[in-house]
Amino acid sequence: MTETALTDRWVSLTRACAQINQAAERALAEQYGLCASAFEIMDLMREADDWIRAGELSSRAARSQPQVSRLLAQMITAGYAERRPCSTDRRGFDARLTPAGRELFSRSSSTMETILREMAESSEDIRNVMGLPVARQAN
């Protein structure tokens with residue numbers, strides 16, 4: 001146990017996030033051929049609902065530009081995203097989900113909801129990190 005409450009909270013947060021990420025990575029890879037980072041990028045593209053700058057994806061996801069570019073290239077090759085040159089900056093490009101990408105994201109979102117619900121039900125630390133109420137004990 002650490003000496004400060006903030007450090008204890010940070011350690012709990014880190015452990016819970018690691019557990020969630022491990023479960024997400026496993027399920028997304030097995031069922032959809034996605035990694036958690038690609039899922040997050042797809043989520044940002046879905047929120048944008050149209051073309052979005054690759055640099056904006058990088059900023060919003062807190063991922064490096066090369067990592068986002070690599071993930072986008074994989075999604076484009078798989079037919080889940082498309083790209084076009086940016087009209088305002090010749091160095092950059094815009095991207096958006098294709099209909100197939102939107103369908104894949106929708107299906108994988110359902111899986112993520114199931115994973116998160118199951119993990120929250122089985123772990124008080126995860127419930128706390130997610131800001132969910134503590135499960136009540138049956139008397």
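These are my notebook entries on a predicted model of one protein chain.

**Entry 1: overall layout**

I began with the secondary structure. I counted six helices and three strands in the protein chain. Then I read the order along the sequence. The pattern is α-α-β-α-α-β-β-α-α. Next I looked up the radius of gyration, which is 18 Å. The globule rule gives 14 Å for 139 residues, and the value for this chain is well over that, so I noted the chain as more spread out than a compact globule. I also took the box along the principal axes. The C-alpha atoms fill roughly 60 × 35 × 20 Å.

**Entry 2: burial, surface and contacts**

I turned to totals for the chain. Of its 139 residues, 35% count as buried. The accessible surface comes to about 9000 Å². Carbon and sulfur atoms hold 49% of that surface. Residues 24 or more positions apart make up 52% of them.

**Entry 3: helix H2 against helix H4**

Which angle do the axes of H2 and H4 make where they cross? I looked at H2, residues 36-48, and H4, residues 65-78. Their axes come within 10 Å and cross at roughly 85°. Angles of 65 to 115 degrees count as roughly perpendicular, so H2 is roughly perpendicular to H4.

I then listed who makes the contact. From H2 I have Ser37, Ala38, Ile41, Met42 and Met45. From H4 I have Gln67, Val68, Leu71, Leu72 and Met75. I sorted these residues by type. Eight are nonpolar and two are polar. No charged residue takes part in this contact.

**Entry 4: Glu25 in helix H1**

I found Glu25 in helix H1, which covers residues 5-32. Its relative accessible area is 33%, so I logged Glu25 as partly exposed. I set aside neighbours within four places in sequence and checked its contacts. Glu25 is in contact with Leu34, Cys35, Ala36 and Ser37. Ser37 is also among the H2 residues that contact H4. Glu25 and Ala54 are 29 residues apart in sequence, and their C-alpha atoms are 23 Å apart in space.

**Entry 5: two positive phi angles**

Asp49 has a phi of about 65°. Asp49 sits in the loop between H2 and strand S1 (52-53). Its relative accessible area is 55%, so Asp49 is exposed.

Ala62 has a phi of about 55°. Ala62 lies in the loop between helix H3 (54-61) and H4. Its relative accessibility is 68%, so Ala62 counts as exposed.

Is Asp89 buried or exposed? I first placed Asp89 in the loop between strand S2 (81-85) and strand S3 (93-97). Its relative accessible area is 17%. Buried means under 20%, so Asp89 is buried.

Asp94 came next, and its place is in strand S3. Asp94 has 7% relative accessibility, so I logged Asp94 as buried. Which residues does Asp94 contact, leaving aside neighbours within four places in sequence? I found Trp51, Ile52 and Arg53 among them. The rest of my list reads Glu82, Arg83, Arg84, Pro85 and Cys86.

I moved on to helix H5, residues 99-122, where I found Ala100. With 40% relative accessibility, Ala100 counts as partly exposed. Not counting residues up to four places away in sequence, Ala100 touches Gly79 and Tyr80. Ala100 and Glu82 are 18 residues apart in sequence and 11 Å apart in space, C-alpha to C-alpha.

Terms used. Residues are numbered from 1 along each chain as its sequence is written. This is a predicted model: local features need pLDDT of at least 70, side-chain atom pairs count only at pLDDT 80 or more; totals for chains, interfaces and linings use all residues. Side-chain values use heavy atoms; hydrogens and water are left out. Axes are lines fitted to C-alpha atoms, for helices over the stretch in contact, and angles run from 0 to 180 degrees between N-to-C directions. Helices (H or I, at least four residues) and strands (E, at least two) are DSSP runs, numbered from the N terminus. Angles under 35 degrees count as roughly parallel, over 145 as roughly antiparallel, 65 to 115 as roughly perpendicular and the rest as oblique. Contact means heavy atoms within 4.5 Å. Ala, Val, Leu, Ile, Met, Phe, Trp, Tyr, Cys and Pro count as nonpolar, Asp, Glu, Lys and Arg as charged, and the others, Gly among them, as polar. The radius of gyration is taken over C-alpha atoms; the globule rule is 2.2 Å times the number of residues to the power 0.38. Buried means under 20% relative accessible area, exposed over 50%, partly exposed in between (1.4 Å probe, protein chains only). Accessible areas come from the Shrake-Rupley method with a 1.4 Å probe; for residues, only the protein chains shown count as cover.
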